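User: Hi! Could you walk me through a few side chains and the pocket in this one?
Analyst: Happy to, let's open it up.
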Amino acid sequence: MAKRDLTLPFCSIVAMDSSNFCYRVCSNCEGILPDKSNGFSEFQHCSRCSFNQRTPASKRVYKLLLSVATDKRVMIVICFDKPAKVLMGCSADELFDFSCANPFALEASARFLEGQMFQMVLRKPQSGNAQHMRIDSIVPLASNFHPVIEYLKKLYRT
Ligand SMILES: [Zn+2]
């Protein structure tokens, strides 16, 4: 473990920002793509790898904004794709599609995670501009923890 890491043996999720949970990357080089909402098509030009591949497909990756409480304080942390999959149990694309088909699924996900206990290792951001620590690893403390997608599928009977 690196020196800049911070281990939280016990913490709970207080809140998850359900308004924005992912962003799109090129599935070839993982370079960040502009959001589709500004008029681009699903298969758009990736400026990083366009010379290697004619039509890079895009995929979504997680970027969750979580409020996390320890016995001492509450802080906002960022949860990128790998640890987010531990919480969600599926890819960001799958959750995105589920939330399109099932209104309020993201709000339900946030409510489901609130109050759950985890062990986390946090890492300081590499960029000096970034203000929040990132979750490097996350382990649910409840032995009967089920990822969000399993809960959602039960809730929406899909
Ligand atoms: Zn690319």
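User: Is Asp 81 buried or exposed?
Analyst: Asp 81 counts as buried, at 18% relative accessibility. Buried means under 20% relative accessible area, exposed over 50%, and partly exposed in between, with a 1.4 Å probe and protein chains only. This is a predicted model, where local features need pLDDT of at least 70 and side-chain atom pairs count only at pLDDT 80 or more, while totals for chains, interfaces and linings use all residues. Residues are numbered from 1 along each chain as its sequence is written, and side-chain values use heavy atoms, with hydrogens and water left out.

User: Which side chain does Asp 81 meet in a salt bridge?
Analyst: That would be Lys 85, at 3.1 Å from N to O. A salt bridge here is a side-chain nitrogen of Lys or Arg within 4 Å of a carboxyl oxygen of Asp or Glu. Both residues lie in helix α1, 4 residues apart, about one turn of the helix. Helices (H or I, at least four residues) and strands (E, at least two) are DSSP runs, numbered from the N terminus. Lys 85 is partly exposed, at 38%.

User: How many salt bridges does the structure hold?
Analyst: It holds 7. One of them joins the side chains of Asp 5 and Arg 123, at 2.8 Å from N to O. That pair links distant parts of the chain, with Asp 5 in strand β1 (residues 5-16) and Arg 123 in strand β5, 118 residues apart.

User: And how covered are those two?
Analyst: Asp 5 is buried, with a relative accessible area of 11%, whereas Arg 123 is partly exposed at 28%. Asp 5 and Arg 123 are also linked with Asp 136 in a network of salt bridges.

User: Switching topic: how much space lies in the largest pocket?
Analyst: About 270 Å³. A pocket is an open set of points on a 1 Å grid over the protein atoms alone, where a 1.4 Å probe fits, with protein on both sides within 12 Å along at least five of seven lines; lining residues have an atom within 4 Å of a point.

User: What lines it?
Analyst: The largest pocket has 13 lining residues, and Phe 80, Arg 123, Arg 134, Ile 135 and Asp 136 lie nearest its centre. Strand β6 gives the most to the lining, with 5 residues. Helix α1 (81-88) and β6 (133-140) each supply at least two.

Terms used:
Points joined across faces, edges and corners; volume = space filled by probe spheres on them.
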